[in-house]
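Me: I've got this one open and would like a close look at a single spot, then a walk out from there to whatever surrounds it.

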Amino acid sequence: EPQQLELATTSKRKLRRFIVIDEVVDKLYGSKIREYFEENKVQHKILTLPTTEETKSMDVVLNILQEVQDFSIDRRTEPIIAIGGGVCLDIVGLAASLYRRRTPYIRVPTTLLSYVDVSVGAKNGVNFLQCKNKLGGYTPPVASFLDRSFIQSIPRRHISNGLGEILKMALMKHKGLFDLLKNHGKYLLDTKFQSCRGFADHGDAALQTTRIAIETMLEELAPNLWEDDLDRLVDFGHLISPELEMRVLPSLMHGEAVNVDMAFMTYVAHVRGLITTEEKEQILRCMRGLELPVWHSSCSWTLIKRALKERLKHSGGQPRMPLPTGLGIADIFNDTSEETLERAYKLWVRE
């Protein structure tokens, strides 16, 4: 805000920032980040933490808050900065929302998944009682700073993991994005989403893909930021995956679990007659091309029934099942019978 900017630039008080950074990111970029704050004469405290699904707990949040209290920040002019993947951004967002009821924070995503998914929206949270994101809230950041150069240092599997969330938006809302993933998926994996010159046949596929993914996510989230409407296309791939992901930790990453869920739901859509055999095969070929799992042995029929039962508790007694009705178009369904689901499951396992 203009008055805050003026205060920050004219005040004789030393600029101060509290930064939480994932320990892996710190090893790669920590020296550059410290150099940046030192050169800009910003008094700073950097807290380095392991941020994984296994450590995503209130204990870590309280640890952050103790350090914030010791550093002593002005909650009006000194936002907390989170630098890391989705888990780091979720944890810090929750910590900031709790400190003095609401302290501003900034997200700096360093993985593809956090770049296109966690950086957008208002949600934050931690796992509780072996349930994914059971504790959390809705406090948007004051800013998200997006820099794709971070992505070049993450492993190929992590890039594939992020592609799962991009594919979700493609299947639900954007045929053009689906075509980008289908035609340029291997190139995006090989180049780690960097904008490369000399590859005219690919154009700037990395920029196009990330921009469309974020824009479609914003279109879907912005009118319903606090989830007053429970009919959400962005829930595609998130009906069964929370149960599966928490059960098999750490063998499946978030985007991989989401893709297993989406693969099963693609079969549900096919069995229901919403998509053709060719459309089903196109989706599965695209998933494999993005090096995403399309099945997992732990995703049993029992787990699926339990996950869908849990879904009913949190969605107003309706399954609110997003399903593709073509490539890049979708709808929400509440009338999928257990018989249809079981037929889809048997076909999915067989194929």
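Between which two elements is the loop that holds Arg100?

Reply: Arg100 is in the loop between α4 (86-98) and β4 (105-109). Elements here are DSSP runs numbered from the N terminus, with helices being H or I of at least four residues and strands E of at least two. Bear in mind that this is a predicted model, with local features needing pLDDT of at least 70 and side-chain atom pairs counting only at pLDDT 80 or more, while totals for chains, interfaces and linings use all residues. Residues are numbered from 1 along each chain as its sequence is written, and side-chain values use heavy atoms, leaving out hydrogens and water.

Most residues other than glycine have a negative phi, and most peptide bonds are trans. There's an exception on the peptide side too: the bond from Leu249 to Pro250 is cis, omega near 0°, and Pro250 sits in the loop between α9 (241-248) and α10 (254-271).

Now the wider layout. An automatic or database assignment sets the domain bounds, giving domain 1 (2-152) and domain 2 (155-223 + 232-350). Their C-alpha centres are 28 Å apart.

Salt bridges number 29 in the structure. Glu245 and Lys132 form one of them, at 3.3 Å, N to O. Another joins Glu165 and Lys168 at 2.8 Å, N to O; these two are 3 residues apart in helix α6 (residues 156-173), so about one helical turn separates them.

Finally, the rings. Those of Phe, Tyr and Trp (its six-membered ring) pair if their centres lie within 6.5 Å, with planes under 30 degrees apart counted as stacked, over 60 as edge-to-face and the rest as tilted. The count comes to 7 aromatic pairs. Phe18 and Phe71 have ring centres 6.0 Å apart and planes at 50°, so that pair is tilted. Phe18 is in strand β1 (residues 16-22) and Phe71 in helix α3 (residues 58-71), so the pair ties together parts 53 residues apart in sequence.

Notes. Salt bridge = Lys/Arg side-chain N within 4 Å of Asp/Glu carboxyl O.
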